[in-house]
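Let's take a friendly walk through a protein model. Have the sequence and the 3D view ready, and look up each residue as we come to it.

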Amino acid sequence: MSRHTSMTPPPLNFLDPCLDPWVLRLCQGLAPHWLRWRRGIPEMQVTHLSTLWQHYQQFQAGKIRLILAFRHPSLDDAFCLMQALSHLASAHQQRMRLHRPVHAHFVYDRGIPLWAGAWVGWLLPRLAGIPIHRGKLDRQGLKVARQLLSEGEFPLAIAPEGTINGSSYWLNPLEPGCAQLALWGWEDGQALGREVVILPLGLSYGYQRDPLPALFRLLDDLEKECGLTGDRIRDRAGELDSKHVVVQRLRRVEDHLFQQVSHFYHNFYADWQADDTQPNESGTPLPQRWQALLHHALTTLESTWNLTHQGRLIERRHRLEQAIWDRLYQGIPPASPLARGLTHHLTAETRLHEWHLRWAESAMSLQSPQPEMSSDRLSEIALRLRDLTNRLQGKDPARTPLPFLGSRWAELYVGEPIAVSSYGSLYQRQRRLAVEQLTQQLQTQMEKLLPTARANWPEADNLSAKSCLPAHP
């Protein structure tokens, strides 16, 4: 193999799902230890576990096809979901037990192996994962997902938000892909009279102990990096370590970051003013001024590559990421030294332009800190600011882990199932409208699983409804 061939990144080919039972068994055994020792989650709790068990049992009996639509606030979601599913086989005391292995096919972003490492690209297909390109119509990925939904050995797990949103307390506007797959599955199963059910799953995280002491240390580091080394903020009682002070300091850091990035674009990129207006995107807590700035940052990159400026910020983010991949992973080895030089120039230029996208995607998860917020929620905001500051400095997030603020708990809430057949007749007449309405119902059901919406839930009174899963066997 020639030198220039080895230096050319291979194309982003489809990674066929090819479940390896030994790999699955190993990962299911290691997941609780990984959660405990690498992610600081010693245990997780599942509420309404019996609902999940009953639908999985119906799936194994051939009565339904099942979609597990889960919230996606963290990179830890996949491990928590794997642990909950593997626990199902022995969690219920009824006579009918589930057949092992208890697992799910799952849809994942094709770009994950690019930043997580080649070993992840080897692992995910062997766990029955289905790669999807989010920035284009991925016909092959959708075809395989549809086939596995209709005929696969396991249910299909999918995150309808389409990306990690970084918060346990709010839900992104859902992408239509989950609803479309569900209606395809209903269409495929009509001849067999088989129902397709979407089961919403809510995932959230919090700290076992008050994270405020660690949060103050994180704020010290952020203020130092931002050059905010003036007088320490005190609350009305003169205290330096109250939650009220945390809110003030978070606001000061957030405001400083906004001002610095605004000045950067104003000084070096045309037509940007800090009072720029952009229509507010519903369903997101992202402050209005950040929406305007992110719009300008993405427009800067879209204009460079002659891409459309239309769509929600997250849709534009996916489209830009696909454009980056198309430039970097052509898979065609340069045929001459001249071609090799041009290819290297294109790669370097694309990597530089990618910076606009990467800091913008981190900022899409920002929220304004409020005094009534819990310490857990303020910690999430602080970690988002930490990630944004890292990305603005050009640091690789894969090599710059976020600080550890203490051991956490994880909660999985099983929501109310949605029978897809109720949208079947509408789908036969108006497909787009049926997808929109099903997506909206799923949005409503998943919003009910947010911590703020669960405050008035009745306490579960039996093990099958509320189970604590230790993170070690």
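Leaving out residues up to four places away in sequence, W359 touches V261, Y265, W290, L293, L294, A297, L388, R391 and L392. Here, a contact means heavy atoms within 4.5 Å.

Before going on, a word about where these values come from. This is a predicted model, in which local features need pLDDT of at least 70, side-chain atom pairs count only at pLDDT 80 or more, and totals for chains, interfaces and linings use all residues. Residues are numbered from 1 along each chain as its sequence is written, and side-chain values use heavy atoms, with hydrogens and water left out.

**The cores**

W359 is also among the residues with the most contacts inside the largest nonpolar core, together with V246, W290, L294 and L385. That core has 50 residues. A nonpolar core is a set of buried Ala, Val, Leu, Ile, Met, Phe, Trp, Tyr and Cys residues joined through side-chain atoms within 4.5 Å. Two or more residues each come from α9 (212-226), α10 (243-268), α11 (288-304), α12 (313-328), α13 (337-363) and α14 (375-392). Which helix gives the most to this core? It is α10, with 9 residues. A second, separate core of 44 residues includes L35, L98, L201 and L412.

The word "buried" has a cut-off: it means under 20% relative accessible area, while exposed means over 50% and partly exposed lies in between (1.4 Å probe, protein chains only). By this rule, buried residues make up 52% of the 473 residues in the chain. The chain has 16 helices and 9 strands; helices (H or I, at least four residues) and strands (E, at least two) are DSSP runs, numbered from the N terminus. Of the contacts with a separation of 6 or more, 77% are between residues 24 or more positions apart.

How far does α11 reach from its first C-alpha to its last? With 17 residues it covers 25 Å, close to the 24 Å expected at 1.5 Å a residue; the expected span is 1.5 Å times one less than the number of residues. Because 13 of its 17 residues are buried, α11 is largely enclosed by the rest of the structure.

Helix α2 (residues 21-37) also has 17 residues, and its end C-alpha atoms are 25 Å apart, which agrees with the 24 Å it should span. Even so, α2 bends by about 35° at L30, and a proline, P32, follows within four residues. The bend at a residue is the angle between axes fitted to the seven residues ending there and the seven starting there. The buried residues of α2 are V23, L24, C27, Q28, A31, P32 and L35. At the start of α2, a side-chain oxygen of D20 comes to within 3.0 Å of the backbone nitrogen of W22.

Two leucines sit in the loop between α1 and α2: L12 and L15. L15 and P131 are 116 residues apart in sequence, yet 6.6 Å apart in space, C-alpha to C-alpha. L12 and R110 are 98 residues apart along the chain, with 7.9 Å between their C-alpha atoms.

| Residue | Relative accessible area | Class |
|---|---|---|
| C178 | 3% | buried |
| E354 | 11% | buried |
| L12 | 16% | buried |
| H48 | 29% | partly exposed |
| C18 | 37% | partly exposed |
| N306 | 71% | exposed |

E354 is found in helix α13, where a polar contact of 2.9 Å joins its side chain to that of R358. A polar contact is a pair of N or O atoms within 3.5 Å; within protein, one must be able to donate a hydrogen and the other to accept it, and residues adjacent in sequence count only if both atoms are side-chain atoms.

**Backbone details**

H48 lies in the loop between β1 (43-47) and α3 (49-60), and its phi is near 65°, a positive value in a residue other than glycine. N306, in the loop between α11 and α12, has a positive phi near 60°. Finally, a cis peptide bond with omega about 0° joins R100 and P101, and P101 is in the loop between α4 (77-91) and β3 (105-109).
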